[in-house]
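Thanks for coming. I will talk through one model this morning, and I will keep to what can be computed from its atoms.

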Amino acid sequence: MIRLELGPEARVDLEAARDGIHRAEALVAAGNWLAATGPTLVAHNISQRGFMPGEEGAWIDEVRRELEEIRVRALECTARRSLAIGGSEVAVAERTARRLIDLSPYRESGYAVLMEALETEGNIAEALRVYEGLRGRLSEELGAAPSPVVRRVHERLLSHGPVGRP
């Protein structure tokens, strides 16, 4: 029987990613934007590495799925944090939300953050286009409508008046 014994100083990447995303989400929920940066980066960086490349197995696939979910959650934390910080970080929120949507196209929270980032940048028409893309996708593919959270962002965007006029 083969047995691996790790010393007390050993660190397992998967555990660090799990801990990092848990802490990041808690800090984002508490509005502690700057403190969320470190744990978010830990979770995101570990989740991107790949797990046991070239190996196959049900348990390996399960870990890979978990790491992919951690990556998506870390992207959402980054986008929310960047949007809340504002300033030049809004561009980071926009880019990160777009990556989040690419990885998880049915995760509506990514669309909400992207719409809010575009709104902050003054790109109301683009934000409305994002909403229409989501609405069309959900309607055609799932027979569903966007969530109340996304609809509230859309309604706020519409309150800006005709696009191009204050």
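First, the ground rules. This is a predicted model, in which local features need pLDDT of at least 70 and side-chain atom pairs count only at pLDDT 80 or more, while totals for chains, interfaces and linings use all residues. Residues are numbered from 1 along each chain as its sequence is written, and side-chain values use heavy atoms, with hydrogens and water left out.

The chain has seven helices and zero strands. Helices here are DSSP runs of H or I with at least four residues, strands are runs of E with at least two, and both are numbered from the N terminus. The pattern along the sequence is α-α-α-α-α-α-α. The C-alpha trace spans about 70 × 35 × 25 Å along its principal axes.

Of the 166 residues, 37% count as buried. Buried means under 20% relative accessible area, exposed means over 50%, and partly exposed is in between, with a 1.4 Å probe and protein chains only. The chain exposes about 9,800 Å², and carbon and sulfur atoms supply 53% of that area. Those areas come from the Shrake-Rupley method with a 1.4 Å probe, and for residues only the protein chains shown count as cover. On contacts, meaning heavy atoms within 4.5 Å: among those with a separation of 6 or more, 56% are between residues 24 or more positions apart.

Leu-6 sits in the segment before helix H1, which is residues 13-29. Leu-6 is exposed, because its relative accessible area is 54%. From Leu-6 to Asp-19 is 13 residues in sequence and 19 Å in space, C-alpha to C-alpha.

Next, the loop between helix H2, residues 37-48, and H3, where Met-52 is placed. Met-52 is not a glycine, yet its phi is positive, about 45°. Its relative accessibility is 33%, so Met-52 counts as partly exposed. Met-52 is also touched by Trp-59, which contacts Phe-51 as well, leaving aside residues up to four places away in sequence. Trp-59 belongs to helix H3 and is exposed, at a relative accessible area of 51%.

H3 itself has 28 residues and reaches 41 Å from first C-alpha to last, close to the 40 Å expected at 1.5 Å a residue. The expected span is 1.5 Å times one less than the number of residues. After H3 comes Gly-86, with a positive phi near 80°.

Arg-81 is 80 residues from Met-1 in sequence and 47 Å from Met-1 in space, C-alpha to C-alpha.

On to H5, residues 108-120. Its 13 residues should span 18 Å at 1.5 Å a residue, and the end C-alpha atoms are 19 Å apart, which agrees. How many of the 13 residues of H5 are buried? Ten are, so the helix is mostly covered. Among them are Tyr-111, Val-113, Leu-114 and Met-115, and also Glu-119. The buried residues of H5 pack against helices H3 (58-85), H4 (89-103), H6 (124-142) and H7. H5 is followed by Gly-122, which has a positive phi near 85°.

That leaves H6 and H7. Their axes come within 10 Å and cross at roughly 145°. Axes are lines fitted to C-alpha atoms, for helices over the stretch in contact, and angles run from 0 to 180 degrees between N-to-C directions. The crossing is left-handed, which means the near helix is turned anticlockwise from the far one by less than a right angle; clockwise would be right-handed. From H6, residues including Leu-128, Tyr-131 and Glu-132 meet a set in H7 that includes Arg-151, His-154 and Leu-158. The contact divides into eight nonpolar residues, one polar and two charged. Ala, Val, Leu, Ile, Met, Phe, Trp, Tyr, Cys and Pro count as nonpolar, Asp, Glu, Lys and Arg as charged, and the others, Gly among them, as polar.

Beyond four places in sequence, His-154 touches Met-115, Leu-128, Tyr-131 and Glu-132.
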